[in-house]
Amino acid sequence: MRTLVVEDERHLNRMISEAILDEGYSVDSCFNGLEALELCECAEYDVIVLDIMMPKMDGFELCLLYTSD
């Protein structure tokens, strides 16, 4: 299963990503909505762990853009 973690707080991003890796899943991570949108255009994810309040593009806007395709 391929997972994307989108969290602007680096420490929290790392903790979530490591916990998912420890369970044996593949993890990509990024720190803002624009980076996440670029990753979503290049790869398919089974799960996205998404923060709401982020710089450049918030989680709600990312959801709307990602699901409208």
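The secondary structure of this chain, a predicted model, comes to three helices and three strands; helices (H or I, at least four residues) and strands (E, at least two) are DSSP runs, numbered from the N terminus. Going along the sequence, these elements follow the pattern β-α-β-α-β-α. The radius of gyration, taken over C-alpha atoms, is 11 Å, close to the 11 Å that the globule rule gives for 69 residues, so the chain is as compact as a globular protein of that length. That rule is 2.2 Å times the number of residues to the power 0.38.

A few words on the ground rules. Residues are numbered from 1 along each chain as its sequence is written. Because the model is predicted, local features need pLDDT of at least 70 and side-chain atom pairs count only at pLDDT 80 or more, while totals for chains, interfaces and linings use all residues, and side-chain values use heavy atoms, with hydrogens and water left out.

Now for the sheet. Strands of a sheet pair through backbone hydrogen bonds, either parallel or antiparallel. Here the three strands make an open sheet, ordered β2-β1-β3, with parallel pairing; two strands count as paired if DSSP finds at least two bridges between them. The edges are β2 (26-30) and β3 (47-50), each of which pairs on one side only. From one strand to the next, the twist averages 20°; axes are lines fitted to C-alpha atoms, for helices over the stretch in contact, and angles run from 0 to 180 degrees between N-to-C directions.

Strand β1 (residues 2-6) is joined to β2 by five bridges, and the two run parallel. Across this pair, leucine 4 stands opposite aspartate 28 in β2. Helix α1 (residues 10-22) lies across β1, β2 and β3, at about 170° to β2.

As for the chain overall, its C-alpha trace spans about 30 × 25 × 15 Å along the principal axes. Of its 69 residues, 32% count as buried, that is, under 20% relative accessible area with a 1.4 Å probe, protein chains only. Among contacts (heavy atoms within 4.5 Å) between residues at least 6 apart in sequence, 56% join residues at least 24 apart.

Technical notes: Buried means under 20% relative accessible area, exposed over 50%, partly exposed in between (1.4 Å probe, protein chains only).
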